[in-house]
Amino acid sequence: MADTLTLTPSQREWLREQNNRRDDNPAIEDQIKSEIKHEQKFEYLVEMSEKPLMTVNSVFPFALFPDTVSVDVSKLNIVHRELFSKRVQSIYIRNISDVVVKTGIFFASMGIIDFGFVGNSIEVNFLKNQEALEFRKVVQGLIVCVKENIDLTQFESKSFITKIKKLGEAKGDD
């Protein structure tokens, strides 16, 4: 999100109408700018949620109906597939207390510990080891950002995902 405001034509028209009515009141002008900024932030969050930062899938044929886990700047989505159905769970990043990855010789399992979930942990099995470890770094980095009240809508950098992974790295990670 850039520092300067980029307005859509409808926003420009609305701003012109408000300026004609405002009678040079700076408080109204500040309120208008604030509303436009919030609207742009909302639009950016919608755009970012449509593009996951990272997605991992369990490996077929070990998981007959592979699960999918994806993360964006605000939430983690888990799709559990079954024979004729699927179950979708979404967890806000702010509600995740930890992500645990257990690696084996061939595959990894990942547990997501959610404050609000009754079972307290959601498991996804038969993930590729490296993908599961990288996914954990991304989620842990996002958790740190949320806990430190870092506004992720301010970042558009291509190195964003690299910085998030670095932030989520555990000491001793290879």
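**Fold and charged contacts of the predicted chain**

Among contacts in the protein chain (heavy atoms within 4.5 Å) between residues at least 6 apart in sequence, 45% join residues at least 24 apart. The model is predicted: local features need pLDDT of at least 70 and side-chain atom pairs count only at pLDDT 80 or more, whereas totals for chains, interfaces and linings use all residues. Residues are numbered from 1 along each chain as its sequence is written, and side-chain values use heavy atoms, with hydrogens and water left out.

The protein chain contains four helices and seven strands; helices (H or I, at least four residues) and strands (E, at least two) are DSSP runs, numbered from the N terminus. Their order from the N terminus is α-α-β-β-β-β-β-β-β-α-α. Of the 174 residues, 34% count as buried, where buried means under 20% relative accessible area, exposed over 50%, and partly exposed in between (1.4 Å probe, protein chains only).

Helix α4 spans residues 160-168, and its buried residues are F160, I164 and G168. Seen down the axis of α4, these buried residues fall within an arc of 65°, so they line one face of the helix; the arc is that of the directions from the helix axis to the C-beta atoms. An α-helix has 3.6 residues a turn, so residues three or four places apart point the same way. T162, K163 and K166 are exposed on the other side of α4. The cover over the buried residues of α4 includes α3 (129-147).

Helix α3 also holds N129. A polar atom of the N129 side chain lies 3.1 Å from the backbone oxygen of G104. Leaving aside neighbours within four places in sequence, N129 is in contact with T103, G104, I105, F106, F107 and A108.

How many salt bridges does a search of the whole structure find? The search finds three, a salt bridge being a side-chain nitrogen of Lys or Arg within 4 Å of a carboxyl oxygen of Asp or Glu. One of them pairs K75 with D72, the closest N and O atoms being 3.0 Å apart; D72 counts as buried, at 1% relative accessibility. In another, K137 pairs with E134 at 3.4 Å between the closest N and O atoms. Being three residues apart in helix α3, K137 and E134 are separated by about one helical turn, and both are buried. E134 also forms a salt bridge with K165, with the closest N and O atoms 3.1 Å apart. E134 lies in α3 and K165 in α4, so this pair ties together parts that are 31 residues apart in sequence.

Technical notes:
Polar contact = N/O pair within 3.5 Å; in protein donor to acceptor, adjacent residues only side chain to side chain.
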